[in-house]
Amino acid sequence: MEQSKDIYKKEYREVKIKTTAGELLKGRVNIGLKARVADLFTKTDEPFIVLSDVESGSGSKRVLFVNKNNIVWVEPEE
């Protein structure tokens, strides 16, 4: 069974995320085949987003799985 490579498309966007704990995270999210960063939050039922190349007060260049319930706001970078 061969799957299309389009299913796993990598399309990264820079974002800033503010958590309910007050931490500010800056990193990249893969929107894949979605049109916008907002689609990660409105068009999927997955409880976590993957944030890569994270810069925060506790280190940098990390990968974090962030629970959507712990996010106050997300700001896409241009």
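1. Strands β3 and β4 run antiparallel and are joined by seven bridges. Two strands count as paired if DSSP finds at least two bridges between them; helices (H or I, at least four residues) and strands (E, at least two) are DSSP runs, numbered from the N terminus. Within this pair, I49 has V66 in β4 as its bridge partner. A hairpin of two residues leads from β3 to β4.

2. The model is predicted: local features need pLDDT of at least 70, side-chain atom pairs count only at pLDDT 80 or more, and totals for chains, interfaces and linings use all residues. Residues are numbered from 1 along each chain as its sequence is written, and side-chain values use heavy atoms, with hydrogens and water left out.

3. The sheet is open and consists of five strands in the order β4-β3-β2-β1-β5, with antiparallel pairing. Because β4 (59–67) and β5 (71–76) stand at the edges with a single partner strand each, one side of each lacks a neighbour in the sheet. On average, neighbouring strands of this sheet are turned by 35 degrees against each other, direction ignored; the axes are lines fitted to C-alpha atoms, for helices over the stretch in contact, and angles run from 0 to 180 degrees between N-to-C directions.

4. Two further pairings may be noted. Strand β2 (residues 24–30) pairs with β3 in the antiparallel sense over two bridges, and K26 has E55 in β3 as its bridge partner. Strand β1 (residues 12–19) is joined to β5 by five bridges, again antiparallel; here V15 stands opposite P76 in β5.

5. Is T44 buried or exposed? T44 lies in the loop between α1 (39–42) and β3 (48–56), and its relative accessibility is 17%, so T44 counts as buried. Buried means under 20% relative accessible area, exposed over 50%, and partly exposed in between (1.4 Å probe, protein chains only).

6. The side chain of T44 reaches the backbone oxygen of L40 at 2.9 Å and makes a polar contact with the side chain of K68 (2.9 Å). A polar contact is a pair of N or O atoms within 3.5 Å; within protein, one must be able to donate a hydrogen and the other to accept it, and residues adjacent in sequence count only if both atoms are side-chain atoms. Leaving aside residues up to four places away in sequence, T44 touches K34, D39 and K68, contact meaning heavy atoms within 4.5 Å.

7. R28 lies over the face of Y12, at 4.0 Å from the ring centre. A charge sits over a ring if NZ of Lys or CZ of Arg is within 6 Å of the ring centre and within 35 degrees of the ring normal.
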